[in-house]
Amino acid sequence: MEGECFTLLPRVCAVLAAGSSLPDDTSLEKLLDWFSELTTAGVSLVKDCPCLLEFTSTVVNSATSDPCILSFTLKLVGLLASSEDGFIVLQESSVLDLVFNPGHWEKAGHWEDPCVRIGWIQGLRSLLQHTKALCFFVQAGLIEPLLQLQTDTSLFVASAASQILAHILIFYQPSPSLTHNSMEKNEAADKSTNPSTTDDGRCPFKAETDQSFTTVVMLISEHLKNSLVSGGDAKLHHAQQSLRLLVLLLTRLRPPLRDSLLHAVTDALEELLMTDLTPPLMDVILAAHSSSSSDVRIHRLVSSLLSTKKPTDLLHAAAAFLRRGLHDDVHTAQCARAILLPLHIVTGQLFLDMDPADEDLCSMAAQLQNKSSCISIICTCLTNSPLITVLDPSFLPCSLDVIISSILLMLRLCSGDTLSVSSGCSGAVRNVIGSSKVKKCALEALMSVSSSPGAKAEVIKVFTLLLKYLDDPDSDPTVFHKSYQVLVRWISVCRDPSSIPDQLKQDLLGVVRKRVCDVRWEVRDSTVEFLGRLAAVKVHHTTDTEAQSACEVLPGGSSSITPVLEEALLDPESYVRASAISALAQTQAPGWQQGAALTQERSEFVVRLLDVLSEDTEGFPRRAVVQYFISWFSSSASRSSLLRRSVRSVLSRGSADLDWEVKVHTLELAKLLLDEALSAHSSSTKELGAQCVHPYAVIPQPVYTPHTHTENGEEDTAALLETLVEEGVVSVLLSGLVDCDRPVALKACRLLIVLREALCPPSHTDLGTDRETVAKVSFLLPKSGWALEIIKILKTKNKAEEENAATLRSSNCIDELKLGEGYNKGWDGVSGAGCERMSVCELLSNLGLDERVKILNQSSDHVQNSPLSLLQDILSAGGAHTQPNTQLMQEVIVDCY
Amino acid sequence: MKLYCLSGHPTLPCNVLKFKSTTIMLDCALDTTSVLNYLPLPLVHSPRLSKLPGWISKDGTINLEKELKECAGRLFVDSQPEFCLPEKELLDLSTIDVILISNYHCMMALPYITEHTGFTGTVYATEPTLQIGRLLMEELVKFMERVPKAQSATCWKNKEIQRMLPGPLKDAVEVWTWKRCYSMQEVNSALSKVQLVGYSQKVELFGAVQISPLSSGYSLGSSNWIIQSHHEKVSYVSGSSLLTTHPQPMDQSSLKNSDVLILTGLTQMPTANPDGMLGEFCSNLAMTIRAGGNVLVPCYSSGVIYDLLECLYQFIDSANLGTTPFYFISPVANSSLEFSQIFAEWLCHNKQTKVYLPEPPFPHAELIQTNKLKHYPSIHGDFSSDFKQPCVVFTGHPSLRFGDVVHFMELWGKSNLNTIIFTEPDFSYLDALAPYQPLAMKCVYCPIDTRLNFHQVSKLLKEVQPLHVVCPDQYTQPPPSQSHRSDLMLELQPPPMPYRRCSVLNLPFRRCYERVYILPELANSLVPSELKPGVSVANVSAILHSKDNKHTLQSVPKAAPAPPSKKRKRVVEEPPVGGAPKPLLSGAVPLEPFLATLQKHGITEVKVEETTDGHILHLQAEDTLIQLEEDGTHIVCDNNEPLRTTIRDLVLRFLQKL
């Protein structure tokens, strides 16, 4: 296809150069993407597509070009010159000087257009990939216009300019092995030891670049320094841009260069900090701190940052400091205090040792009186409070349990329980009462602190509070959901359910029973999901005993849960039914693993599930049923007849489902059966594991159960295949193969290939009787539904092969299977009879699975997205433009929208 | 303007407004919480209740064995329950001109007011209020009459004795005003005085004020009232709701620009959100039924029950309760369910549109059709043969002191499978349950009060902006049990005027204007002259005629030509009645031109002194003062009449004559 594209390219270039209309505004970007891909793949565009060179010189010299085409050309030139060869060619043809000369575009009046400017920048960005480019960049004096563009009126241009400035410094910075001294001494570095590339694949430092790079660094540092000096609003915008650039640089530059840059701007930063604290400035200071924490000046900057008088800024700065994992003796403790201050004020716990007249405290208290700022401050405080709990205790302004109890108190305040609060902060308390946002943040914080040391001591308090939340009818469904999550986490922390008072356990059961009857389906769903999670969490009563499911925290254990979940199977909301099925699988999993005996109730329950699979009108419960059987099959210690029977039903019902996900899940179950059957063939299972990863859903990896073989090899293989046919695995895979949903067909196809490779040896290998025995294993192909599609495939393939004079008559697949006549007739008589019996192996080898998997692997829009299609579109749009045909034009327009 | 507060209960108001020359009673609700001090009235003989020990004081001096019984550590009066009436001594209730009823819960004391106080006025209410109010009264009377008690306990009310009783009887207030229930005859007589009104209908009261009911969104036919004269407007907001339930939504805009807004009937459960409570009600109900228990819902026979049934209608299927029978037992159950369906014009928009479809506005009709909901007048009769368990029973009275609910409490109280769900907020559920203790059945408190909460009312008041707000004392501070919840009170600027039982408030505004009509022929005779652009004035000579609080200016009848007589001369000497008055002057005397004019007339020695109101001109030579002020000019000139006249004429030159 590539060749075909290259043939079309000259015409496309002509169309573009002529300024014809394009199919849509993304065409040029797509074209560039294709060129980039080719360049990355090692194609030399300059050599292989000379038309591009012509195109660039035509456009550059034309005065009337469309700005979009100009922008495209600028980017293209950069791309072409990104390799040294291309660069030389372009420089020789003097295109490069012209293209990257801003003066040329200004003269032509195109520089006003931001898309030309951005094309210029991006072209440069592509270009600056090798040392020659840097020399060119410096010699052509491009740094000045680039620095100017950093404050461009177009935000996109300004941002792109910052990006490229960062790129230059980062890309061309000396590799760590080259220099140990300051940047100014680079020229003294021993060039003979230069590696051809640095360890991170960047450009090695070469002599001719040294000077250029030093110049660039000097200019950029100077520029940054000047732009940061405060002065007026216009300057402020400039400073913001430079700060953003500094953040980029400080996080990615290596020591000598970074230090010198930092040295250059520290004074300006100090001055800036005096005027106003902005998020980029905060980022710069923190980035500086993380790279040079020992620098006294940086230390001083951080101190000033953390002594800002604006409460919200202080909170954000402290949070950012801790979030970056920065620690030092002075600032960490300061940050912890700043973050906990709102909690201190609102809860009235007064756990921070502070004077009530403290300035910070008063200004924060004033901010908390305002509803909107109060909610946002409290949420920031709560979201970041877990950061404090992991700090070294010496940094903490109070003990951990105080923080946990403050979070608990905050949750109590949110639900309107204000009795324990001093009257001083009633304004703030009033703001948080009933706020779901604060509730969720506090619950999240409570979840995070569950793993902190000392959390265990608070378990009872947390339980009591969460139960209150779960009992509160006014709670938002999302708050319920979060409360359940927190509860599960704390139950797993508690480890010893016997330490929870019986009354609390009883209350929890009561709440769960009530919530499963809630009017809101979201709450019912969360409750059912909670029960499933509870069953999955393992806890120990004591260190000696075996781990138990956490549902033992409920009086009656899992036996009290099961009826609740079974009731939920009748829920009118499909999500709840699906959750109930999953939760039941989780509660029953321990029994499966221990090989518990089947009870009458279990058999009846399985029948109910099968009914859900065939009768439920919604997809989610049906998917959950198949998942249930997958879990049962994969975790079961023994293969009961009920399991075998039901799996067969699931396969037949699931493969006939209308929901493609149910079908994919069914194929997953078929794969488990296949795995089990093939477990003796270790090589094939390995392959299976590698190939058949479900493309959309996370499916637990199969647990292989030991499979004993008593028979000899060949009979065993035939018997295995026979079993797979009987269990319906083969028909599920075949029906999946012709499914109209690509993921289903792809998965089925891959599994069929695995089956074919494992059990049906190729006909040319001489395996004697083994092959014959296996080949005799037959399959009854119905002449209806999906089977007709299979027959059609066989027929098409047969015809094609007949045309190639390779008749299938010679095939022995049908000789003994009474299929001969119909097959020889080219499958014309298929509609008459009921079923056809045929050899599985022959079927597998005749379906053309390998070609099919290739086709299926391609996304459904691969044709439309191909470069060829793009080029054709550009040509046809150009043609429509040159030969006006209103109808065609209309179609194109319609197509665009 | 005065407000007499006859009830201190914030949701059971009874106030009297004296406005202009009218005396208007605003609601006459009955405080039934007093019945909680009484023993329940069982429909069938209850051995448990009959065996309760009587009370004798510790020292044995007071023996009230027959009147007071002890049950689960509390004392109850063994007598027919009595209600706490509105205050009757504060003002003469016979002077009341009209009674305005806001909703059917606020009219239960009507017979006590209209029948025994000499009341001769009219009661105004909407039709659903009247009809459903009648049902509730009828139900109350039937509940009482079904279980007659000859005995009437009065000894315990003796102040000396009451003081020695244990709480809460000891703390009961106004016990001497407590009265037994009225009879059906009194109900009929009281209701015969009701005049029906529709929303926004304007009714004139003696020409002095106009009253008009507005939809309040709380219950079928519930209203707020506007009482206005030409220049004053008083709004009475009682039991309003902004939630979308069955009644017509609240009319807020008509409340704008009130001089005084009397605010009563806010939610009794400010922390219980009705939606949450409704959800809680459903989940507890489903949980009990699933566990094989019965659910008892003590409720009024109208109001929230419609919403409960509607909610259950949607919930039944989702909770798999399709086979569970729902019973509604009340002497007026049938009428209540049917009435609700016919008051189409009083329903919310959604339900109104259903009236034009072949389906009833409320879905309880479908529940009845499909036999999921059955209603009975009492537990006797058909109900006992249809009764199947587990089931859900809705029945009254929410106080658990009378009505069929008493029977179910005795029947189901012993099993912990059963649940009683309280939805009415009027009674403390713990007090209601007190005489049934010890109780095994589960109790759930889901008070559903759809009336305005503090957040909603603050928003409403911000929008309608009344000059003054009058409200019960309880709304001006947080609830005693949650003293830190400053969000659960009214915070207004200027602060609201609080009232409590027996308060008499002087409402803080004075009437400044009165409308006076002018007859066309008189108006026609006027000759207005323009004072300044847009303002014209004219002299009117007329006779002011006042009747029915309407004031009219009529032309002065022309004196009949007097017959010639000897007294003719005397008649002529008398100033003619209605003779042309002296012209009125307007305008101001400008200082400088006036000084110039004076100079022209030879008055030169003028000393001008500036005062707060104008100027004083001292004519030194003439020893005369001219005081030029904003609203008057005085010439002080002794014994020089010609000079005074000259100066007067000079002053008049600058003024306009009308």
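This briefing looks at where two protein chains meet and at one helix of chain A. The structure is a predicted model. Chain B and chain A bury about 1,900 Å² between them, and the helix to look for is α34 of chain A, residues 660–678.

**How chains A and B meet**

- Chain B brings 23 residues to the contact, and chain A brings 21 residues.
- Of the area buried between the two chains, 55% comes from carbon and sulfur atoms.
- On the chain B side, the residues that lose the most area to chain A are Glu280(B), Arg290(B) and His484(B), which together make up 29% of what that side buries.

**Links across the interface**

- Four salt bridges are found across the interface of chain B and chain A.
- To see a salt bridge for yourself, find the side chains of Glu491(B) and Arg430(A), with N and O 2.8 Å apart.

**What chain B's side is made of**

- Helices α6 (274–290) and α7 (304–318) of chain B each supply at least two residues to the side that touches chain A.
- The most comes from α6(B), with 10 residues.
- By type, this side of chain B has six nonpolar, 12 polar and five charged residues.

**A helix to explore in chain A**

- Helix α34(A) has 19 residues and spans 26 Å from its first C-alpha to its last, close to the expected 27 Å.
- Most of α34(A) is covered, with 17 of its 19 residues buried.

Technical notes:
Residues numbered from 1 in each chain as written. Chains lettered and ligands numbered in written order. Predicted model: local features only at pLDDT ≥ 70, side-chain atom pairs only at ≥ 80, totals over all residues. Heavy atoms only, no water. Helix = DSSP H or I, 4+ residues; strand = E, 2+ residues; numbered from the N terminus. Expected span 1.5 Å × (residues − 1). Buried < 20%, exposed > 50% of the residue type's maximum accessible area, 1.4 Å probe, protein only. Contact = heavy atoms within 4.5 Å. Buried area = accessible area lost by both parts, 1.4 Å probe. Nonpolar A, V, L, I, M, F, W, Y, C, P; charged D, E, K, R; others polar.
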